Amino acid sequence: DMDFPAPEPVVEALRTRASHPIYGYGYKDEALYASIIDRMQRKYGWAVSKEWIRFTPGVMPGVQASLRAVTKPGDNVLIQSPVFPPFFSAIEQAGCKVINSRLARDNGQYLIDFEDLEEKFDCLRPSAFILCSPHNPVGRVWTKDELTRIGRIAERYGTVVISDEIHGEIIYRGHVHYPYSSISPEAEARSIVCTSPGKTFSMTGMVASVAII
């Protein structure tokens, strides 16, 4: 997966915790919530409330739970391929239908085919749209304009956007990641951001994911 060592503060924190011999149930203290809220504010200027934060066993379990919360069996769910393959199975396991608006390719770069996207929304009225932001595997960091345009379309059709943002902090210089829910009050009201420190700090084996709703 992420083939580099975790940062020393992460390793040291795990050593310290492992030295305590009781491995029973833990609890989520105020410092944990505060760290998430602070990071979202400092990195993205996004003001997150504690009540929005739900902890999940991983980003995909968060996506799967979100799908079940906002759809019913038989609903259409939109994705943009080529994309992380578990999106397909997550939709099918929720009893929903996969609607695919394929990304376009221009001079070696993948782009959103907004004409096709709007057509799929208009004809098939998806209940949910699983957005991969930044996109895995094509490597696109969606611009604020692109996300805003997605938001307007989703708002028009009453679609909930479930945004997988696990790669949000692994981007090249010159690019900026915008949490989907931060782009507008309307997007914030009809979206779920699923994220984790797993990719950033090479700790995907840890249970450390959140859904911000």
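Predicted model: local features only at pLDDT ≥ 70, side-chain atom pairs only at ≥ 80, totals over all residues.

The protein chain has 7 helices and 9 strands, and 41% of its 213 residues count as buried.

**The chain as a whole**

- A compact globule of 213 residues would have a radius of gyration near 17 Å, and the protein chain, at 18 Å, agrees with that.
- Take the contacts in the protein chain with a separation of 6 or more: 65% of them come from residues 24 or more positions apart.

**Helices α5 and α6**

- Start with helix α5 (residues 114-124) and helix α6 (residues 144-157), whose axes come within 10 Å and cross at roughly 15°.
- Angles under 35 degrees count as roughly parallel, and α5 and α6 are therefore roughly parallel to each other.
- As for handedness, α5 passes α6 in a right-handed crossing.
- On the α5 side, the residues that meet α6 are Phe114, Leu117, Glu118, Phe121 and Asp122.
- On the α6 side, their partners are Glu146, Arg149, Ile150, Ile153, Ala154, Arg156 and Tyr157.
- Sorted by class, this contact of α5 with α6 has 7 nonpolar and 5 charged residues, with no polar ones.

**Helices α3 and α4**

- Next up are helix α3 (residues 59-70) and helix α4 (residues 86-93): their axes come within 9 Å and cross at roughly 35°.
- The crossing of α3 and α4 is right-handed.
- From α3, the contact is made by Met60, Gln64, Leu67 and Arg68, while α4 brings in Pro86, Phe87, Ala90, Ile91 and Gln93.
- By class, the contact of α3 with α4 has 6 nonpolar, 2 polar and 1 charged residues.

**Ser133, in the loop between β6 and α6**

- You'll find Ser133 in the loop between β6 (128-132) and α6.
- Is Ser133 buried or exposed? Its relative accessibility is 2%, so Ser133 counts as buried.
- Leaving aside residues up to four places away in sequence, Ser133 touches Trp142, Leu147, Ser163, Asp164, Glu165 and His177.

**Gly168, in the loop between β7 and α7**

- Gly168 sits in the loop between β7 (160-164) and α7 (185-189).
- With a relative accessible area of 6%, Gly168 is buried.
- Which residues does Gly168 touch, not counting residues up to four places away in sequence? They are Tyr44, Pro134 and His177.
- Gly168 and Lys199 are 31 residues apart along the chain, and their C-alpha atoms are separated by 8.9 Å.

**Met203, in the loop between β8 and β9**

- Look for Met203 in the loop between β8 (191-195) and β9 (209-212).
- The relative accessible area of Met203 is 17%, and buried means under 20%, so Met203 is buried.
- Again leaving out residues up to four places away in sequence, Met203 touches Val10, Pro197, Gly198 and Ala208.
- Met203 and Thr71 are 132 residues apart in sequence, and their C-alpha atoms are 31 Å apart in space.

Methods
Residues numbered from 1 in each chain as written. Heavy atoms only, no water. Axes fitted to C-alpha atoms, helices over the stretch in contact; angles between N-to-C directions. Helix = DSSP H or I, 4+ residues; strand = E, 2+ residues; numbered from the N terminus. Parallel < 35°, antiparallel > 145°, perpendicular 65-115°, else oblique. Left-handed = near helix turned anticlockwise from the far one by under 90°. Contact = heavy atoms within 4.5 Å. Nonpolar A, V, L, I, M, F, W, Y, C, P; charged D, E, K, R; others polar. Rg over C-alpha atoms; globule rule 2.2 N^0.38 Å. Buried < 20%, exposed > 50% of the residue type's maximum accessible area, 1.4 Å probe, protein only.
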